[in-house]
Amino acid sequence: MFYREAGQFKTNYQADQAVFPILQDRMAIGAILVIAFVAIPYFGNDFFINSMMIPFLIFSLAAIGLNILTGYTGQISLGTGAFMGVGAYSCYKLATIFPEVNIIFLIVVSGFFSAGIGVIFGLPSLRIKGFYLVVTTLAAQFFLEWAFITVRWLYNYNDSGAIEVPQREVMGVIITGASATPMARYLVVLSIVVVMTWIASNIIHGRIGRSWMMIRDMDIAAELMGVRPLYAKLSAFAVSSFYAGVAGAMMVFLWLGAAEVESFDVNHSFLILFMVVLGGLGSLLGSFLGAAFIWVLPIIIRAAPGVFGLDISAATGEHVNFMIIGVLIIFFLIVEPHGLARLWAIGKQKLRTWPFPY
Amino acid sequence: MWGAKSDVSFALQIVALKALPVLILGGFTSVPGAIIGGLVIGFGEKLFEVYWGGLLGGGVEGWFAYVLALIFLLFRPQGLFGEKIIERV
């Protein structure tokens, strides 16, 4: 009843092309941003911020990256974990080579290294497509995992083979390293994710995004209509790997604090792919919903028996957790194969016509 | 069988992924291709590991199969025995 666009007239082209054309949507986005920037740091405790919100935001960014490649351009990729690793390792190298440079700048710059590697492994996509591309991105995954172990220069020749995040501060506030507060790290992660989501939304709604979607829908027809597959596909790989790389650098620097190769293995790629498929292919909102479903829901289920006063062992709780999440994934994919984002869109449409749906 | 060789764990799923390069090498529509492809990949990665792995720092088994499949996809997308892929619009 309150969600109506009746009476909201558009008088210029800018208003017609707006990303959120409906006033209520703009108000909702504003409210979410206020909650995320003000309410959560103010009221949330360290556990909530550190093990729910920070990983949720980082995985959302990685899922946006994969969604650009798989959802918008139609190129299936199983190499996201490795591209996140490229971002993390290059950020580590940059942070140790240039200790005086602002760490946020380095995190963003490490995305460019990841983008370069992504373009190299995206080259086969010009010749092959669909299922075959899975194998080439798996090649990227396993080759890069091997490189992270074998090229000892990447982790500064230390014996453990792990990268340890050095302590860095920005404007007097410590944001990386062991003594950084969760709140500071959360605000940095949130700012980067908000800005990069906004950029992604603008790219997708612009000329480049349209060419990606044309390639996805029918690549030969898109080529006939003047979209160059070389630029469209490689730019999708570059942007996608850039997002994955920044997410990986944030994962190590602002969440885990230390990482080794196992943090970026093929299971990690599958995790991000599940988020994208479950949340909705070709939807930025879906990336967030999928990340929330895969990451936040298990934590809530794990905490639920304690709230209800049930006493079950940790192992049993973990198994029940796997079962519930598995059943829910299958259930949602049967009910709505287009993902949670489509469910949300249907709900919005119902809300618009409620209470007189005819 | 792989489980009997090393041990049974969740890491076994990596073996299932390795079936993909075997299929691509042999060709998707060919049963003998799968057998030959499996033999080529299996022998190939062990021989490569033993003879040339040392030059690259070891552990090349992990990605050899995929890179071989990648090279095959670039030059012979239908694999060794597969039917020619015809594109329709």
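Helix α3 (residues 46-72) of chain A and α7(A) pack at an angle of about 20 degrees, with their axes 10 Å apart. This is a predicted model: local features need pLDDT of at least 70, side-chain atom pairs count only at pLDDT 80 or more, and totals for chains, interfaces and linings use all residues. Residues are numbered from 1 along each chain as its sequence is written, while chains are lettered from A and ligands numbered from 1 in the order in which they are written.

Some terms come up here. Helices (H or I, at least four residues) and strands (E, at least two) are DSSP runs, numbered from the N terminus. Axes are lines fitted to C-alpha atoms, for helices over the stretch in contact, and angles run from 0 to 180 degrees between N-to-C directions. Angles under 35 degrees count as roughly parallel, over 145 as roughly antiparallel, 65 to 115 as roughly perpendicular and the rest as oblique.

α3(A) and α7(A) are therefore roughly parallel to each other. α3(A) passes α7(A) in a left-handed crossing (the near helix is turned anticlockwise from the far one by less than a right angle; clockwise is right-handed). Residues in contact have C-beta atoms, placed from the backbone, within 7 Å. On α3(A), the contact residues include A:Ile54, A:Leu57 and A:Ile58. On α7(A), they include A:Val189, A:Leu190 and A:Val193. The residues of this contact divide into 18 nonpolar, three polar and two charged. Here Ala, Val, Leu, Ile, Met, Phe, Trp, Tyr, Cys and Pro count as nonpolar, Asp, Glu, Lys and Arg as charged, and the others, Gly among them, as polar.

Helix α7 (residues 182-205) also meets α2 (residues 23-43) of chain A. α2(A) and α7(A) are therefore roughly antiparallel to each other. α2(A) contributes A:Ala36, A:Phe37 and A:Pro41, and α7(A) contributes A:Met183, A:Tyr186, A:Leu187 and A:Leu190. These divide into seven nonpolar, no polar and no charged.

| Pair | Axes | Angle | Crossing |
|---|---|---|---|
| α3(A) and α7(A) | 10 Å apart | about 20 degrees | left-handed |
| α2(A) and α7(A) | within 11 Å | roughly 165 degrees | right-handed |

## The nonpolar core

The largest nonpolar core has 109 residues. Such a core is a set of buried Ala, Val, Leu, Ile, Met, Phe, Trp, Tyr and Cys residues joined through C-beta atoms within 7 Å. A residue is buried if 20 or more other C-beta atoms lie within 10 Å of its own, exposed if 12 or fewer, and partly exposed in between. Among the residues with the most contacts inside the core are A:Ile58, A:Tyr243 and B:Ala69. Helix α10 (residues 229-256) of chain A gives the most to this core, with 17 residues. Leaving aside neighbours within four places in sequence, B:Ala69 touches A:Val135, A:Ala139, B:Pro21, B:Ile24 and B:Leu25.

## Chain B and its contact with chain A

Chain B has five helices and zero strands. Of its 89 residues, 26% count as buried. The contact takes 17 residues from chain B and 16 residues from chain A. On the chain B side, α2 (13-26) and α5 (61-75) each supply at least two residues. The largest share, eight residues, comes from α5(B). The chain B side divides into 14 nonpolar, three polar and no charged.

A:Leu328 sits in helix α13 (residues 314-335) of chain A. A:Leu328 is partly exposed, with 14 other C-beta atoms within 10 Å.

Definitions and conventions:
Two residues are in contact if their C-beta atoms, placed from the backbone, lie within 7 Å.
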